There are 2 protein chains.
Amino acid sequence: MSKIPDSAKKVFSGVIFDVWQWEQEMYDGTHATFERVSRPSTVEVIMTVGDKIVIQRQSQPDRAEPFLSLVGGRVEVGEDMLEAAKRETLEETGYVSEDWELVSARQPSGKIDWTISLYVARNAKKVSEQNLDAGEKIELLMLTFDEILTMVNRGELRRMDQSARIDLIHAFYDPEIRKKWETLIFKR
Amino acid sequence: MSKIPDSAKKVFSGVIFDVWQWEQEMYDGTHATFERVSRPSTVEVIMTVGDKIVIQRQSQPDRAEPFLSLVGGRVEVGEDMLEAAKRETLEETGYVSEDWELVSARQPSGKIDWTISLYVARNAKKVSEQNLDAGEKIELLMLTFDEILTMVNRGELRRMDQSARIDLIHAFYDPEIRKKWETLIFKR
């Protein structure tokens with residue numbers, strides 16, 4: 001499902017972003033240079049502890065304001081998505097789960113080759129302290145499903161795969177969609 | 001509102017994307033290379049003709065499937081946002097409007113310096129044929145506000161500023177938000 005054709009050449013390698021270009025035939029037979037960027041896949045985790053969902057209030061050194069987000073982060077070289085989700089969860093929260101389920105894997109952006117995989121990690125247990133890197137400050141919040149829906153609806157929790165965010169807004173209004181998410185997240 | 005600090009250096013210039021890097025001090029006093037990309041601002045236009053809203057079914061040479069979107073495109077060097085909106089509207093539709101209003105100007109992405117300005121252009125009149133470039137095929141659709149809300153709600157019309165998309169999903173369910181958008185779009 002890459003947005004970058006096989007004929008593309010990598011014209012820049014960065015610390016996060018790579019840039020790719022190719023010659024694209026246009027509708028009139030002429031050619032133009034087309035360009036996309038790629039970035040490493042990321043994972044996001046809806047983690048439950050009992051009947052609560054764990055989200056985080058995160059600060060980053062280049063941002064003035066903290067922001068709310070799901071647990072998650074960037075997939076490292078050689079990792080698969082689920083390994084990355086488990087590693088990020090342990091590092092950011094100190095929790096582990098034995099009950100993982102992939103919810104979706106989506107490409108959110110038209111001009112960027114970037115996949116977000118969203119997981120549910122149910123009934124997580126604390127096994128260690130957080131193990132954060134020098135660019136992270138993370139405070140954990142434990143919230144009910146209702147509180148999460150309200151925060152998503154108000155735009156307070158917006159840092160997540162936008163399709164999931166939109167579906168949770170539908171869930172705020174539509175009891176059937178709400179029930180579907182509640183069952184998915186808590187298996188109840 | 002740039003996401004790129006003044007100290008950043010441009011390390012790559014592409015046909016769409018530029019890449020910027022800087023040394024960021026971390027929470028423990030160490031430094032790491034941070035990176036963002038920038039891309040030209042874009043404009044999107046909710047154009048009305050009588051009691052209809054005009055959207056487009058667009059094909060691009062590197063995409064297998066056509067997609068629905070608002071009228072709009074990339075701001076060119078030396079143009080301001082409103083000039084770009086008027087130019088793209090005329091090129092893509094052949095219509096002009098005397099009644100423009102800026103709805104929002106938002107940065108949709110965390111790691112990309114990119115602004116989307118959303119306009120309403122009311123009571124547009126046809127003055128010419130479309131004037132498309134070699135990378136565009138555009139068919140115009142004229143729809144009622146109800147039809148637009150249904151398409152946004154179903155995810156059929158998703159190519160727009162995501163905050164506006166989310167607000168139109170709220171409008172599908174919430175009569176007050178719906179009334180606010182109807183008044184904004186049609187001034188009625």
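This briefing covers the domains, chain interface, cores and salt bridges of the structure above.

The model is predicted: local features need pLDDT of at least 70, side-chain atom pairs count only at pLDDT 80 or more, and totals for chains, interfaces and linings use all residues. Side-chain values use heavy atoms, without hydrogens and water, residues are numbered from 1 along each chain as its sequence is written, and chains are lettered from A, with ligands numbered from 1, in the order in which they are written. Chain A is assigned two domains, domain 1 (9-38) and domain 2 (45-186). Chains A and B bury about 3800 Å² between them.

**Domains of chain A**

- The domain bounds come from an automatic or database domain assignment.
- The centres of domain 1 of chain A and domain 2 of chain A, taken over C-alpha atoms, lie 32 Å apart.
- Four residues of domain 1 of chain A and five residues of domain 2 of chain A make the contact, where contact means heavy atoms within 4.5 Å.
- About 430 Å² is buried between domain 1 of chain A and domain 2 of chain A, and carbon and sulfur atoms give 55% of it.
- Buried area is the accessible area (1.4 Å probe) that two parts lose on being put together, summed over both.
- The side of domain 1 of chain A that touches domain 2 of chain A has two nonpolar residues, one polar and one charged.
- In this grouping Ala, Val, Leu, Ile, Met, Phe, Trp, Tyr, Cys and Pro are nonpolar, Asp, Glu, Lys and Arg are charged, and the others, Gly among them, are polar.
- Between domain 1 of chain A and domain 2 of chain A there are two residue pairs in polar contact (both at pLDDT 80 or more), but zero salt bridges.
- A polar contact is a pair of N or O atoms within 3.5 Å; within protein, one must be able to donate a hydrogen and the other to accept it, and residues adjacent in sequence count only if both atoms are side-chain atoms.

**Interface of chains A and B**

- Contact involves 44 residues of chain B and 44 residues of chain A.
- Carbon and sulfur atoms give 64% of the area buried between chain B and chain A.
- Y27(B), K111(B) and Y173(B) supply 18% of the area that chain B buries against chain A, more than any other three residues.
- Polar contact joins 18 residue pairs between chain B and chain A (both at pLDDT 80 or more).
- Two salt bridges link chain B and chain A.
- D62(A) and R36(B) pair through their side chains in a salt bridge (2.3 Å, N to O).

**Nonpolar cores**

- A nonpolar core is a set of buried Ala, Val, Leu, Ile, Met, Phe, Trp, Tyr and Cys residues joined through side-chain atoms within 4.5 Å.
- The largest nonpolar core has 50 residues, and I55(A), W181(A), I55(B) and W181(B) touch the most other members.
- Beyond residues up to four places away in sequence, I55(A) touches residues including L70(A), L141(A), I148(A) and M151(A).
- Another core, of 16 residues, lies apart from it and includes I16(A), V37(A), F12(B) and V19(B).

**Salt bridges**

- The whole structure holds 32 salt bridges over all chains, each a side-chain nitrogen of Lys or Arg within 4 Å of a carboxyl oxygen of Asp or Glu.
- K10(A) and D18(A) form a salt bridge (3.5 Å, N to O).
- D18(A) is buried at 16% relative accessibility, whereas K10(A) is partly exposed at 43%.
- Buried means under 20% relative accessible area, exposed over 50%, and partly exposed in between (1.4 Å probe, protein chains only).
- In chain B, D18(B) and K10(B) form a salt bridge, with the closest N and O atoms 3.5 Å apart.
- R87(B) forms a salt bridge with E76(B), the closest N and O atoms lying 3.7 Å apart.
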